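Please read it alongside the sequence and the coordinates.

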Amino acid sequence: MDKTITFGIPCYNSSAYMDHCIESILEGTEYAEDVEIIIVDDGSAKDDTPQKADDWARRHPSIIRAIHQENGGHGAAVMKAVSNARGVYFKNIDSDDWVDASAVMALLGQLRNFIRLGEHVDLVITNYVYEHVEDDTQNFVNYRRVLPVGKIFTWNDMGRFKPWQYLLMHALTYRVDVLREAGLKLPPHTFYVDNIYAYVPFPVCRSLYYLDVDVYRYFIGRDDQSVNDSVLTSRVDHYWRVARVMMHAYHVYRDVPSVKLRGYMMNYFTIIMAICSVFSKKSDRADASDELKALWDELKAYDRRMYRRARHGIIGMATNLPGTVGRALTLAGYRAAQKLVKFN
């Protein structure tokens, strides 16, 4: 662990935008030698991503490494970077996103302080910004009213999260040893595994720190982007897969000691199940309804208390209204939330 932080950049046919991502990290951290960037070329074959990755590594050999692997999907690329990280801390930056210069420098400075003082902070949380390129607007997500600012704390010290405030991958900088201790595994060839990344390691995180800066700039607007509404609908089976991994990770009420973390995780899992319900209703797959029922039945068999909370709470009821009218009301509610929060 001879680096302060490793930034992992999963790349799959990312030639058109990966340079901006890499440059933002290099320039934001002022080409610091205690920073590592691992570019993971995930079997790109349609553009010059592999060549670009190698070119970046040749230009900055003490900072950047390029790793090439057969295509395994976003999760496999993230885990390849984690397994090869030489940094004490790890942050994933997707290749079409970027970081803010002053904010990432503030993050780097804070991590250096932790290492210098021997503080083993497991998770550092920062803000992120949705960058909506289609209408040139921004949506800032912060945690000022939820988390203690500028001090080390535990899960028991946090407040209540609003529905648009959850701790997504963009907000998280983990200590690498935590990711390894958690035994984090992200299924290959599966989209939306960032939800697993922002869920499974949490009970292993014993100390946290919230740095109130807007590090991550999250690009929204490409037609083929995984969070694009039509793309997500066509890949609803990926969300079913992710929900199952999260479901079986914990019996939340039994396995998570912190009451506040337990509540947070159960709320987040409920949101994931709601997404499965909404996009199953939006899907034109003939088996969507049956697959959704099988998913809920599996949860009921696995843990009845988790099932009752996810299915019969307000969100579960609202996203599983029966019949044609119920489907219409569920989708209308989704469209209203989409317009308000602008999450895709």
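This is a predicted model: local features need pLDDT of at least 70, side-chain atom pairs count only at pLDDT 80 or more; totals for chains, interfaces and linings use all residues.

Residues are numbered from 1 along each chain as its sequence is written, and side-chain values use heavy atoms, with hydrogens and water left out.

- Strand S1 covers residues 3–11; helices (H or I, at least four residues) and strands (E, at least two) are DSSP runs numbered from the N terminus.
- S1 is mostly covered, with 9 of its 9 residues buried; buried means under 20% relative accessible area, exposed over 50%, and partly exposed in between, for a 1.4 Å probe and protein chains only.
- S1 pairs in the parallel sense with strand S4 (residues 87–92) over 5 bridges, where pairing requires that DSSP finds at least two bridges between the strands.
- Within S4, Tyr89 is the residue opposite Ile5.
- A parallel pairing over 7 bridges also links S1 to strand S2 (residues 35–42), and Gly8 stands opposite Ile38 in S2.
- Together, S1, helix H1 (residues 18–28) and S2 form a right-handed β-α-β unit; right-handed means that, with the strands pointing away from the viewer, the path from the first strand over the helix to the second runs clockwise.

**The buried face of helix H2**

- In helix H2 (residues 49–59), the buried residues include Thr49, Lys52, Ala53, Trp56 and Ala57.
- Viewed down the axis of H2, its buried residues fall within an arc of 135 degrees and so line one face of the helix; the arc is that of the directions from the helix axis to the C-beta atoms.
- These buried residues of H2 pack against S1, H1, S2 and strand S3 (64–69), with contact meaning heavy atoms within 4.5 Å.

**Positive phi angles**

- Most residues other than glycine have a negative phi.
- Asn13, in the loop between S1 and H1, has a positive phi near 50 degrees and is buried at 17% relative accessibility.
- Tyr31, in the loop between H1 and S2, has a positive phi of about 55 degrees and is partly exposed at 41% relative accessible area.

**Surroundings of Ala198**

- Ala198 lies in the loop between helix H6 (194–197) and strand S10 (208–220), and its relative accessible area is 0%, so Ala198 is buried.
- Leaving aside neighbours within four places in sequence, Ala198 is in contact with Leu167, Leu168, Met169, Leu172, Tyr174 and Tyr268.
- The C-alpha atoms of Ala198 and Leu172 are separated by 7.7 Å, and the two residues are 26 residues apart along the chain.
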